[in-house]
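These are my notebook entries on a single chain. I set down what I looked up, in the order in which I looked.

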Amino acid sequence: MKTAKRRFFLLFFSILFGLMMGVQLMSEYAGLNEPKPLNIELIEKEEENQLQPVSPAQEVVVEKKPLTTDREEKGLSNLFSDLGSTLADQTEGATRSGLEKVASIVQGSVNKDDR
């Protein structure tokens, strides 16, 4: 009986792991897993008068157009999909702005001059 339970759990977790890897692979092919860089302000050093970029160069970042389906191109949409995408965009914006503020505060406290 114990071996049957162990086999069931091993099979269950193997299938679950395979599903997660499949979703990750499809996200990589679609280009959905590339994070956007944070927009952190540049800090000017008084001694050298040079700007130090904190985030990656903006020229390197390439905007990808989102994947669309035939339903979206024809103007057909689903209410729940629209609500979900709106909620996701707002959550991402709030999280991103919070992270930018925290990163700029931390950077300001780490890089301040000791006088």
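In what order do the elements of the chain run from the N terminus on? I read the order as α-β-β-α-α. The count comes to 3 helices and 2 strands, where helices (H or I, at least four residues) and strands (E, at least two) are DSSP runs numbered from the N terminus.

I noted the basis of the entries. The model is predicted, so I record that local features need pLDDT of at least 70 and side-chain atom pairs count only at pLDDT 80 or more, while totals for chains, interfaces and linings use all residues. Residues are numbered from 1 along each chain as its sequence is written, and side-chain values use heavy atoms, with hydrogens and water left out.

Entry: whole chain. I looked up the burial and found that buried residues make up 4% of the 115 residues; buried means under 20% relative accessible area, exposed over 50%, and partly exposed in between (1.4 Å probe, protein chains only). The chain exposes about 10700 Å², of which carbon and sulfur atoms supply 61%. These areas come from the Shrake-Rupley method with a 1.4 Å probe, and for residues only the protein chains shown count as cover. Of the contacts between residues at least 6 apart in sequence, 51% join residues at least 24 apart; a contact means heavy atoms within 4.5 Å.

Entry: helix H1. I placed phenylalanine 13 in helix H1, residues 2–30. The structure holds 3 aromatic pairs. In one of them, the ring centres of phenylalanine 12 and phenylalanine 13 lie 5.4 Å apart with planes at 70°, so I class the pair as edge-to-face. Rings of Phe, Tyr and Trp (its six-membered ring) pair if their centres lie within 6.5 Å; planes under 30 degrees apart count as stacked, over 60 as edge-to-face and the rest as tilted. Phenylalanine 12 counts as partly exposed because its relative accessibility is 42%.

Entry: helix H3. I found threonine 91 in helix H3, residues 79–110. Its relative accessible area is 42%, so threonine 91 is partly exposed. A polar atom of the threonine 91 side chain lies 2.8 Å from the backbone oxygen of leucine 87.

Which residues does glutamate 100 contact, leaving aside its neighbours within four places in sequence? I found Leu38 and Asn39. Glutamate 100 is in helix H3, and its C-alpha atom is separated by 6.5 Å from that of asparagine 39, 61 residues apart along the chain.

Conventions:
Polar contact = N/O pair within 3.5 Å; in protein donor to acceptor, adjacent residues only side chain to side chain.
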